[in-house]
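Morning, everyone. Please take a look at the structure on the screen, and then we will walk through it.

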Amino acid sequence: MRRSSATTEYLKECMGTALLELMREKPMEKITIEEMTARADVGRSTYFRYFKSKEEVLSFKICCLWKRFDEQYHIGQHAEMDAPVATRLFLEFCLSMRDIIDLLYSTGHQKCILDAYLQILSPESDENDVIKYYQSNMTAYALFGLVNAWIQRGYKETPEDMQELIRNSSVTQGDSK
């Protein structure tokens, strides 16, 4: 009997939750698939059916958190109308999962965050739309660079401060031309 996609998504997210819990106890490299799936109460075959690596599990978990945040704040609607507002909301999302971000940074697995951003910004793979492909990648890398710098500074600025910095930066760059 086939599982519903909602059930599958839930089981995959449970693996992400379990992996994050285990990463608080020991390095990810020492966490076995058996430990992770047992903690998630999921069969090993579910992991191997959907993931190639533990990093993919983490990126998937971030994407799940993003979907819930987006459903609550409708960031996609803002992105089309007001990029600074969308960026502020995105930074609020990052702040809402600061404990996960800090864990990934402290264990050297911050690339999972970038991978999630790439999935979030280009969920459908249309290889024929080259412009859209490159734009979504540039946006993902720019956001990751922005968030990375913000994290490196210890989240000193609020998302609102960051929104204003971005707005001022855009105006300043526009004036110099």
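Which helices do the buried residues of H1 pack against? They pack against H2 (33-40), H3 (44-50), H4 (54-73) and H7 (98-106). Helices here are DSSP runs of H or I, at least four residues, numbered from the N terminus. Buried means under 20% relative accessible area, exposed over 50%, partly exposed in between, with a 1.4 Å probe and protein chains only.

A word on the source. This is a predicted model: local features need pLDDT of at least 70, side-chain atom pairs count only at pLDDT 80 or more, and totals for chains, interfaces and linings use all residues. Residues are numbered from 1 along each chain as its sequence is written, and side-chain values use heavy atoms, leaving out hydrogens and water.

Back to H1. Helix H1 covers residues 5-23. Its buried residues include Leu11, Glu13, Cys14 and Leu19.

Now salt bridges: a side-chain nitrogen of Lys or Arg within 4 Å of a carboxyl oxygen of Asp or Glu. The whole structure has twelve. Take Asp99 and Arg24, with closest N and O atoms 3.4 Å apart. Asp99 sits in H7 and Arg24 in the loop between H1 and H2, so the pair ties together parts 75 residues apart in sequence. Asp99 is partly exposed, at 48%. Arg24 is partly exposed too, at 47%.

Next, Arg88. Arg88 is buried, at 18%. Arg88 forms a salt bridge with Glu92, with closest N and O atoms 2.8 Å apart. Both lie in helix H6 (residues 83-96), four residues apart, about one helical turn.

Last, Lys111 and Asp115 also form a salt bridge. Both lie in helix H8 (residues 111-121). Lys111 is exposed, at 52%.

Conventions
Helix = DSSP H or I, 4+ residues; strand = E, 2+ residues; numbered from the N terminus. Expected span 1.5 Å × (residues − 1). Contact = heavy atoms within 4.5 Å.
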